[in-house]
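The following note sets out points for a colleague to read beside the model. It is arranged by structural element.

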Amino acid sequence: NQKREWEGKLQPACPFCRHPSPKTQEEAKIKFMKRVEKNDPVAMTHIGRKHYNNGDYESAFEYLTKAAELGDAIAHYNLSILYREGEG
């Protein structure tokens, strides 16, 4: 995708939905939440990490647990960090 975009001088697009990349953080958040609603484990892991970085460990745990249940290995790793730090 990236090679095709670069060679064709196309606007970068989301690899999941093929729409143009969001221009603002608010647009990005809306797109991620749409993906979360469709049970996308990568999006859930991303949102879980954002909650973790903001200190909201309870929400982070919920998103990461759901992503791990859907088979995301990175979510499993992030959950192990929550448990190690006593937040899980």
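1. At the start of helix α5, a side-chain oxygen of D72 comes to within 3.4 Å of the backbone nitrogen of I74. A polar contact is a pair of N or O atoms within 3.5 Å; within protein, one must be able to donate a hydrogen and the other to accept it, and residues adjacent in sequence count only if both atoms are side-chain atoms. The model is a predicted one, in which local features need pLDDT of at least 70 and side-chain atom pairs count only at pLDDT 80 or more, while totals for chains, interfaces and linings use all residues. Residues are numbered from 1 along each chain as its sequence is written, and side-chain values use heavy atoms, with hydrogens and water left out.

2. Helix α5 covers residues 73-84, and at 1.5 Å a residue its 12 residues should span 16 Å; the end C-alpha atoms are 17 Å apart, which agrees. Helices (H or I, at least four residues) are DSSP runs, numbered from the N terminus, and the expected span is 1.5 Å times one less than the number of residues. Just after α5, G86 takes a positive phi of about 75°.

3. Which residues of α5 are buried? They are A75, N78, L79, I81 and L82, where buried means under 20% relative accessible area, exposed over 50%, and partly exposed in between (1.4 Å probe, protein chains only). Seen down the axis of α5, these buried residues fall within an arc of 155°, so they line one face of the helix; the arc is that of the directions from the helix axis to the C-beta atoms. The face turned away from the buried side carries the exposed residues A73, Y77, Y83 and R84. The cover over the buried residues of α5 includes α3 (41-53) and α4 (57-69).

4. The largest nonpolar core has 14 residues, and those with the most contacts inside it are V36, Y52, L64, A75, L79 and L82. Helices α2 (25-37), α3, α4 and α5 each supply at least two residues of this core. A nonpolar core is a set of buried Ala, Val, Leu, Ile, Met, Phe, Trp, Tyr and Cys residues joined through side-chain atoms within 4.5 Å. Not counting residues up to four places away in sequence, A75 touches T45, L64, A67 and A68 (contact means heavy atoms within 4.5 Å).

5. The structure holds two aromatic pairs. One of them, F61 with Y83, is edge-to-face, at 5.9 Å centre to centre and 85° between the planes. F61 lies in helix α4 and Y83 in helix α5, so the pair ties together parts that are 22 residues apart in sequence. Rings of Phe, Tyr and Trp (its six-membered ring) pair if their centres lie within 6.5 Å; planes under 30 degrees apart count as stacked, over 60 as edge-to-face and the rest as tilted. F61 is partly exposed, with a relative accessible area of 25%.

6. In α2, the buried residues are A28, F32, R35 and V36. They cover an arc of only 100° around the axis, which puts them on the same side of α2. These buried residues pack against α3 and α4, whereas the face turned away from them carries the exposed residues E26, K34 and E37.

7. N39 is placed in the loop between α2 and α3. Its phi is positive, about 65°, although N39 is not a glycine.
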